[in-house]
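I opened this model to look up a few things and kept short notes. Here they are, in the order I made them.

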Amino acid sequence: PSVGAGDTPLRIEPPVNPASVALPPDTKPANPTPSALSGDANMDALAQRLNAWASAWMAKDFAAYAAFYAPNFVPEKSVSRDAWAANRAQKIAAAGAIKIELENIRVKEKSSGRTTTTFIQHYQADKFSDETSKKITWKNIDGVWLITREQQWARSAGAESVEGAKP
């Protein structure tokens with residue numbers, strides 16, 4: 001079933017430990033998390049993983065960020081996983097301070113062990129900002145939700161960029 005966490009942006013601040021799966025104590029979604037609406041422990045675990053993924057990204061901890069991606073993750077644009085990882089590591093390191101807000105989060109169970117999250121992502125760094133619609137496909141591998149696919153679409157006519165580099 002599809003459930004939503006509301007339309008109010010979820011502001012995520014980097015935790016003290018970027019590998020933590022819990023939201024920082026001062027972060028409170030305006031509406032219940034998907035698991036609170038559905039009663040499904042998997043939905044709760046997935047919502048926590050999504051928030052931890054964004055927190056690791058904002059903390060610029062590439063090792064923690066990359067650990068959210070399954071070994072069989074296939075990047076878009078027909079690049080190898082190794083090329084994707086090298087490119088992401090460089091972009092994250094060069095970004096300066098990163099702020100991410102997630103809103104309109106929806107969780108949908110696709111099949112046993114596979115689930116998708118869709119949301120609007122507001123990304124802001126020193127030299128680039130954008131707003132995208134994003135869909136992440138997760139697979140539960142040995143009890144851990146990992147990203148197997150990531151898709152995004154621009155939400156506006158053009159993203160604001162100082163140097164034209166995407167995050």
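I began with Trp53. Leaving out residues up to four places away in sequence, I found Trp53 touching Tyr65, Phe68, Tyr69, Phe119, Gln121, Lys134, Ile136, Ile147 and Glu150. Contact here means heavy atoms within 4.5 Å.

I noted the ground rules next. This is a predicted model, where local features need pLDDT of at least 70 and side-chain atom pairs count only at pLDDT 80 or more, while totals for chains, interfaces and linings use all residues. Numbering runs from 1 along each chain as its sequence is written, and side-chain values use heavy atoms, with hydrogens and water left out.

Helices are DSSP runs of H or I, at least four residues, and strands are runs of E, at least two, numbered from the N terminus.

How many residues of α2 are buried? I got 13 of 18, so α2 is largely enclosed by the rest of the structure. Buried means under 20% relative accessible area (1.4 Å probe, protein chains only). After α2 comes Lys60, with a positive phi near 60°.

Last, I checked Glu103. Glu103 lies in strand β3 (residues 99-111). Glu103 is buried, at 16% relative accessible area. The side chains of Glu103 and His122 are joined by a polar contact of 2.4 Å; such a contact is a pair of N or O atoms within 3.5 Å, and within protein one must be able to donate a hydrogen and the other to accept it.

Note on methods. Buried < 20%, exposed > 50% of the residue type's maximum accessible area, 1.4 Å probe, protein only.
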